[in-house]
Amino acid sequence: MGDVAARFAEIVGDTNLLSGEAIPEDYAHDEALTTSPQQPAYLAKPGSAEEIAELLKAASELGVPVTARGSGTGLSGGAQPREDSLVISFERMNAVLEIDTENHVAVVQPGVTLSDLDEKTTAAGLGYTVHPGELSASVGGNVGTNAGGMRAVKYGVTRHNVVGLQAVLPTGEIIRTGGKTSKVSTGYDLTQLIIGSEGTLAIATEVIVKLHPRLPHGATVLAPFETFDEVMTVVPKIISSGLAPHILEYIDNLTLAAISYNEKLSLGVPDGIRDTAQAYLVVALENRDNDRLHADVEELGGMLGDLGAMDVYVLEGNSARRLIEAREKAFWTAKAAGADDVIDVVVPRSAMPEFMRRSREMALSREAGALGCGHAGDGNVHLAIFCKEPAKRKQLLADIFALGMELGGAISGEHGLGKAKAGYFLDLEDPAKIALMRRIKESFDPAGILNPGVLFAERASK
């Protein structure tokens, strides 16, 4: 270990290389509920792409596995290292390098947090619109998992908002992909290949993100419904109306009660409605003109009433902000309530009622629970799974993931597979596609050092 540590320390400096017991426990895990912390052998804190290139070349030569780490907010074990590994932390590479107001992009280092980027872009009247629910998350981490969030219904996920990268290959080459242009049709799109690869192909060291104008006026509408099916009947009608909501969420009654209690929300819903509503729709609208916003809210309210909403509550200012913040903290609410896992299957919007009904039936048949909320506008279902027995929970998850794929969806819409869900992926996905992905992995990473165990883990059935 001494010789290897000395080699890494030569690259980043003694103060930026820790090994063994000197590494803080926080670097042993991310926020996944089903993976166990694992202390890495080495922790490096590089300050440049060139240092990362040298670290990866050394790691490839020495056969040391490498895990890239942003803020550690991931939910699938993608940032969980191996015992013999090197963790590369981006905490020193946290600068907003440029805010280009003519091309409406920002150039940032991977350690920049979403809250930092939001603060830096405010003065320019612009903003980065990917908000996966945790503002301490890093842009580099979002690139790794192709993070989404509530605003994806209007603005898309990370891959729709990143136009270029600087990245380091595990063989040590530094490449640039894409740029400040809005389109490209020249060769393979390496930017999009690296996004969502969960640190298994290359390490992003600069990210060029799209910026959008900040619209000054907004309002949030909360509408209770007697059944979940009614909520999902409304969703496509809202999208086709042209109102262009930037948030379109469903929350089941138990989850809304829990987040309201935890965050001390008073939403003005009478007891009679609260006791009978099974699901709620949250719709947020924005506009550059306040009168147009109010006209849109009025139209939305009428539409919801006509389509079966028990009532319509218009929240503005602090009330709206607090509801959205509480929804973003739903994971922590589920964790505090004792959830054994949180999953984020994505299905076509039209399949959400069937997916929800059948997944809950699967859970009940095993004396388990499947509760939650999700992005109704894009079919991304977030379920908190309550099932203490590991073998029973594993089979339940396999059945739920298989159901999602049967309905035309995928195991994860935005959390990624990491180490927590990779085994299910290998069991359920088309073997030809997995074989192709393995060949892509080998072409980028011939020594196999980048995030081993992610995507290509042992099968869940073993």
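The model is a predicted one, where local features need pLDDT of at least 70, side-chain atom pairs count only at pLDDT 80 or more, and totals for chains, interfaces and linings use all residues. Numbering starts from 1 along each chain as its sequence is written, and side-chain values use heavy atoms, with hydrogens and water left out.

Start with the sheet. Seven strands make up an open sheet, ordered β15-β12-β14-β13-β17-β18-β16, and the pairing is antiparallel. Strands here are DSSP runs of E with at least two residues, helices are runs of H or I with at least four, and both are numbered from the N terminus; two strands pair if DSSP finds at least two bridges between them. At the edges sit β15 (313-315) and β16 (341-343), each of which pairs on one side only. On average, and with direction ignored, neighbouring strands of this sheet are turned by 20° against each other. Axes are lines fitted to C-alpha atoms (for helices, over the stretch in contact), with angles running from 0 to 180 degrees between N-to-C directions.

Inside the sheet, the antiparallel strands β12 (residues 217-225) and β14 (residues 279-287) are joined by nine bridges. One of the details there: His217 has Asn287 of β14 as its bridge partner. Helix α12 (residues 317-328) packs on the sheet and touches β12, β13, β14, β15, β17 and β18 (380-386), with its direction making about 65° with that of β12. Contact, throughout, means heavy atoms within 4.5 Å. Helix α9 (residues 253-263) lies across β13 (247-252), β14 and β17 (369-375), and runs at about 100° to β13.

Another helix to look at is α14 (residues 352-365), whose 14 residues reach 20 Å from first C-alpha to last, close to the 20 Å expected at 1.5 Å a residue. That expected span is 1.5 Å times one less than the number of residues. The buried residues of α14 are Met352, Pro353, Phe355, Met356, Ser359, Met362 and Ala363, where buried means under 20% relative accessible area, exposed over 50%, and partly exposed in between (1.4 Å probe, protein chains only). Their cover includes α8 (228-240), β13, β17, β18 and α15 (390-406). Just past α14, Glu367 has a positive phi of about 55°.

Over to the annotated span. An unreviewed UniProt entry lists residues 35-214 as "domain: FAD-binding PCMH-type"; positions are in the numbering used here, feature names are shortened, and annotations may be inferred rather than shown by experiment. This span is 24% helix and 24% strand, and its end C-alpha atoms lie 38 Å apart. As for α2 (residues 49-62), its buried residues are Ala49, Ile52, Ala53, Leu55, Leu56, Ala58 and Ala59.

Finally, two loop residues. Met310, in the loop between α11 (290-306) and β15, counts as partly exposed because its relative accessibility is 26%. Leaving aside neighbours within four places in sequence, Met310 is in contact with Pro224, Phe225, Glu226, Ile273, Thr276 and Ala277. Met310 and Ala277 are 33 residues apart in sequence but 7.9 Å apart in space, C-alpha to C-alpha. Glu429, in the loop between α16 (422-428) and α17 (431-444), is buried, with a relative accessible area of 17%.
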